[in-house]
Amino acid sequence: MIETDVLVIGAGPAGSSAARFAAKGGVDVIIIEKKSEIGFPKRCAEGVSKKIFEKLDLEMDPHWVTNEISGVRFVAPDGTDIWLSEDQIDLPDAGYVLERKVFDKHMAAVAAREGAEIRIKTQAKGLKREEDGTFTVTCESMGETFDIHAKIIIGADGPESHVAKWAGLNAYIKPQHMVAGVQYEMCNVKMKRNDYLEFYFGSVAPGGYFWLFPKGGDVVNAGLGIITNMAEKSAYEYLVDAVDNCYATQEAQAVELNAGGDPVGGLVKEMYGDNILLVGDAASQVNPLTGGGITNGMLGGRFAGEVAVEAIKSGDCSKNFLKKYEKLYLDEMGAEMQKYTKVTEYLWTLDDDDINKIAHKFKEMEFEKLTTTDIVKVVIKADPKSLLKLGRIFL
């Protein structure tokens with residue numbers, strides 16, 4: 001039996017953030033990762049907010065930042081495009097494009113340097129709650145089975161979280177809120193600007209969008225996400241069509257293919273319980289509008305790690321004590337996520353003609369600094385019926 005104060009299951013950015021801040025607080029931490037290589041395979045367009053560095057006490061490292069983004073280009077189904085610089089619009093999930101295979105390892109190493117113990121190729125197979133409320137987790141590594149006993153479990157094992165199910169938390173993610181994402185990393189891509197992200201909306205990706213995230217030079221992440229019950233074919237088939245029809249990727253070659261699910265329905269109902277916390281995709285800590293989860297998940301990891309330290313040092317790891325974690329997260333991100341959820345639900349009701357009308361309205365207007373409220377005002381002008389769904393929230 002291996003003993004620890006905190007066991008983090010999953011070494012993605014959210015899990016490593018939780019392990020880092022728990023270890024920094026002076027408690028014993030073990031983080032396990034079922035894969036043999038942290039950060040591989042990637043399931044991400046690799047965009048991240050610049051604000052993350054201040055909020056997480058991180059310094060930008062050129063080893064894992066491949067490109068700095070200066071703005072975005074939005075493209076409607078009829079080809080109408082809108083160019084906005086970072087001075088005109090906030091880039092909540094896309095100030096930098098990362099190399100996740102390097103970034104994720106770096107974050108795990110930061111946790112290790114704070115004192116966390118990392119165990120790769122180690123999979124949680126089940127957990128048992130002891131009489132005192134603590135957990136014993138059965139693990140398997142390289143053919144060996146062993147147990148880890150922990151006062152607090154932090155589940156960071158993705159949107160399909162087994163930890164949440166084993167612990168009996170109400171963390172169910174509805175199928176209609178799970179985006180099916182698929183992406184090529186491509187070379188020989190010819191973008192109009194290599195420091196701008198491109199987003200294509202409409203029937204090119206039902207319920208989502210097609211994206212181009214430049215990684216520097218002629219290398220780009222080209223991918224899309226769809227809501228499957230709104231689609232007529234698979235996400236991969238939509239991606240092939242999008243790449244074939246996009247001016248930038250018609251002569252490009254794929255060097256990598258990635259796929260995965262992305263929860264966009266807002267936070268799960270239970271992010272915590274007695275002796276357990278959920279972070280990252282396991283808690284659906286994802287921007288519902290953009291699908292970006294790195295920043296949100298790492299902030300969740302920080303709060304979870306810090307609250308876990310307080311609970312252990314106080315000798316109280318009950319649900320009543322750990323509810324502080326949810327309050328910290330909601331105070332920081334709750335209002336924003338609620339707004340983005342409403343916008344996303346509204347966007348799901350639009351067809352290509354509706355999106356074209358909104359794009360045309362944008363082309364008629366000039367903005368010095370575009371806020372979410374400004375965007376909603378334009379949407380309402382193009383579609384007055386949207387006032388019923390969006391006006392009371394934003395105006």
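## Strands, sheets and aromatic pairs in a predicted model

Strands S10 (residues 135-141) and S11 (residues 144-155) are antiparallel and joined by seven bridges. Strands here are DSSP runs of E with at least two residues, helices are runs of H or I with at least four residues, and both are numbered from the N terminus. Two strands pair if DSSP finds at least two bridges between them.

This is a predicted model, in which local features need pLDDT of at least 70, side-chain atom pairs count only at pLDDT 80 or more, and totals for chains, interfaces and linings use all residues. Residues are numbered from 1 along each chain as its sequence is written, and side-chain values use heavy atoms, with hydrogens and water left out.

**Around S11**

The hairpin of S10 and S11 has two residues between the strands. There, methionine 142 takes a positive phi near 55°. Within the pairing, glutamate 140 faces threonine 145 of S11 as its opposite residue.

S11 also pairs with S1. The two run parallel, with seven bridges between them. Leucine 7 has isoleucine 153 in S11 as its bridge partner. Strand S18 (residues 276-278) runs parallel to S11 as well, over three bridges. Here isoleucine 154 stands opposite leucine 277. In a regular strand, side chains alternate between the two faces of the sheet.

**Two residues in their surroundings**

Aspartate 5 belongs to strand S1 (residues 2-9). Aspartate 5 counts as buried because its relative accessibility is 12%. Buried means under 20% relative accessible area, exposed over 50%, and partly exposed in between (1.4 Å probe, protein chains only). The aspartate 5 side chain comes to 2.9 Å from the backbone nitrogen of aspartate 28. Beyond neighbours within four places in sequence, aspartate 5 contacts Val27, Asp28, Ala150, Lys151, Ile152 and Ile312. Contact means heavy atoms within 4.5 Å.

Isoleucine 120 lies in strand S8 (residues 117-120). At 41% relative accessibility, isoleucine 120 is partly exposed. With neighbours within four places left aside, its contacts are Glu33, Lys35, Ser36, Ile38 and Ser141. The C-alpha atoms of isoleucine 120 and serine 17 are 16 Å apart, and 103 residues separate the two along the chain.

**The seven-stranded sheet**

Seven strands form an open sheet with mixed pairing, in the order S6-S5-S13-S14-S15-S12-S16. Strands S6 (81-85) and S16 (253-263) stand at the edges, and each has a single partner strand, so one side of each lacks a neighbour in the sheet. From one strand to the next, the twist averages 15°. Such angles run from 0 to 180 degrees between N-to-C directions, with axes as lines fitted to C-alpha atoms, for helices over the stretch in contact.

S13 (residues 196-201) and S14 (residues 209-216) pair antiparallel over four bridges. Phenylalanine 199 has tryptophan 211 in S14 as its bridge partner. Helix H5 (residues 235-245) lies across S12 (178-187), S14, S15 (219-227) and S16. H5 runs at about 40° to S12.

**The three-stranded sheet**

A second open sheet has antiparallel pairing and the order S3-S7-S4. S3 (47-48) and S4 are its edge strands, each with a single partner, so one side of each is left without a neighbour in the sheet. S3 and S7 (residues 96-98) pair over two bridges. Glycine 47 stands opposite valine 97 in S7.

**Aromatic rings**

The whole structure holds twelve aromatic pairs. Rings of Phe, Tyr and Trp (its six-membered ring) pair if their centres lie within 6.5 Å; planes under 30 degrees apart count as stacked, over 60 as edge-to-face and the rest as tilted. Tryptophan 64 and phenylalanine 103 make an edge-to-face pair, 4.8 Å centre to centre with 65° between the planes. This pair links distant parts of the chain, 39 residues apart. Tryptophan 64 sits in the loop between helix H2 (52-55) and strand S4 (65-68), and phenylalanine 103 in helix H3 (residues 100-113). Tryptophan 64 is buried at 1% relative accessible area, and phenylalanine 103 is buried at 2% relative accessibility.

Ring pairs also link Phe74, Phe199, Phe201, Tyr209, Trp211 and Phe213 into a cluster.

A charge sits over a ring if NZ of Lys or CZ of Arg is within 6 Å of the ring centre and within 35 degrees of the ring normal.

| Lysine | Ring | Distance to ring centre |
|---|---|---|
| Lysine 50 | Tyrosine 96 | 5.4 Å |
| Lysine 192 | Tyrosine 247 | 5.2 Å |

How values were computed. A polar contact is a pair of N or O atoms within 3.5 Å; within protein, one must be able to donate a hydrogen and the other to accept it, and residues adjacent in sequence count only if both atoms are side-chain atoms.
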